[in-house]
Amino acid sequence: MTRTEATQDLPDSRRQFLSHGGKAALIAALGAPVPFIDNLAPGVMPEALAQVVGEAKGKRGIRVLNDRPFNAETPVTLLDDDITPNERHFVRNNGIVPERAWKKDLKGWSLQIDGEVGKELNLSMSDLKARFKSVRRTLVIECGGNGRAGYDPPAKGNQWTLGAVGCAEYEGVRLRDVLNAAGVKKSAVYIGYYGEDIHLSRDPRKQPISRGVPIAKALDEHTILAWSMNGEPLPAYHGFPLRLVCPGWPGSTGGKWLKRIWVRDQVHDGTKMTGTAYRVPRHPVAPGTDVAEEDMEIIHEMPVKSIITRPGTGIETPLAKQLALRGHAWSGWGDVKAMDLSIDFGATWISAKLGAPRNPYAWQRWNVQIKFPKPGYYEVWARATDNRGHMQPMLVPGWNPKGYLNNAMQRIAVKVVA
Ligand SMILES: Nc1nc2c(c(=O)[nH]1)N[C@H]1C(S)=C(S)[C@@H](COP(=O)(O)O)O[C@H]1N2
Ligand SMILES: [Mo]
């Protein structure tokens, strides 16, 4: 691993620290003396540097979990916007961002559609834009592993807390229109995507990830091929020039840096489709259980969930005033129909005002004013219920070996003062 590969995505301060190490570099990166520097074990990333990406590569204030591949989540209070700005949207990369994406270079790019189709297609960006009707959709993308940090025993992988989710506005075309132009055969069962990102080993025969969805989800009117995010060409991290979005399903089904869609006559078996990847036990298991592969099933819809974006946890509020709270709620199963909060550890619930989504699979704004009965320590618990009656669990839901689908209620601490 060369230094440039390992640190290519990092802002200067962190890159400098990682590549040169040493006390002087650390002090320079932190911009302050470090009185107990001798107690800091070598290689331990100071928290101030670990938490925040500076202005680097179009990101601001998000929390880096991993730099190779680059993974970063958004602190929940920075997810307050109805539409998540590009600089705040979490990033989940399994490999290395292709050069084309940094250079915004379309030369030699096309999208290939092949497999179980009547006619193979090779579409340039202008073909895509000219031949198909474009659509704009506000869509939640949430990583299947969002909330993984809540599982015990812990699962390997990025320790996402609440912030591997975002809701941006995409422009593109329906995948369905493109597949229909190619003529989907009766034998079609699944699609598999291929992106231009580079495997960490740099072996060109390997894909960092190649997943897909059943043909019915691919043909769903809400599944899109997007070239724009919040009015800009897709940012490098988010898949320039084209990505798939399969809303309501794990983020991993939304192939970035897309170059090929293979229509399969079987369940796609690309990288991270097989084994235990993006699968959960068919039946509940005790935490820590070794689950056989044949007892695991592929994740489809993402569960109902909500976040509290205001206030942040740990605030103090005067007894005399009502406290305003707000956030978002969403579900892979359809709209959210109720949003409730508790200040008494779940004994009673207060309904929040819940807005309509801008379109299916956009998150919904909720807000509420709460008056506390007397001074002291409280927790506010937040719980969404979708229109199928699915409700967020109070505790971490079914433990699973890879730590997916944690949609436990978010709790914030509030101190009420006289
Ligand atoms: N080609 C490619 N597509 C990909 C990935 C990837 O590593 N390579 N990561 C997937 C995963 S696991 C998630 S959660 C989403 C994250 O999208 P974002 O980085 O735009 O938030 O992209 C998905 N698409
Ligand atoms: Mo993901």
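**Ligand 1 between two domains**

Because domain 1 (12-91) and domain 2 (101-298) both give residues to the shell around ligand 1, the ligand lies between them. The model is a predicted one, and its domain assignment lists, besides domain 1 (12-91) and domain 2 (101-298), a domain 3 that spans 305-417. The centres of domain 1 and domain 2, taken over C-alpha atoms, are separated by 28 Å, and the two domains also touch one another, with 22 residues of domain 1 in contact with 27 residues of domain 2.

Turning to the ligand itself, one finds 19 residues around ligand 1, of which Asn94, Asp197, His238, Arg243 and Lys256 come nearest. By residue class, this shell is made up of 7 nonpolar, 8 polar and 4 charged residues.

Individual atom pairs can then be picked out within these surroundings. Lys256 places a polar side-chain atom 2.5 Å from an oxygen atom of ligand 1, while a polar side-chain atom of Arg243 lies 2.7 Å from an oxygen atom of the ligand.

Methods
Residues are numbered from 1 along each chain as its sequence is written. Chains are lettered from A and ligands numbered from 1 in the order in which they are written. This is a predicted model: local features need pLDDT of at least 70, side-chain atom pairs count only at pLDDT 80 or more; totals for chains, interfaces and linings use all residues. Side-chain values use heavy atoms; hydrogens and water are left out. A residue is near a molecule or strand if one of its heavy atoms lies within 4 Å of it. A polar contact is a pair of N or O atoms within 3.5 Å; within protein, one must be able to donate a hydrogen and the other to accept it, and residues adjacent in sequence count only if both atoms are side-chain atoms. Ala, Val, Leu, Ile, Met, Phe, Trp, Tyr, Cys and Pro count as nonpolar, Asp, Glu, Lys and Arg as charged, and the others, Gly among them, as polar. Domain bounds come from an automatic or database domain assignment. Contact means heavy atoms within 4.5 Å.
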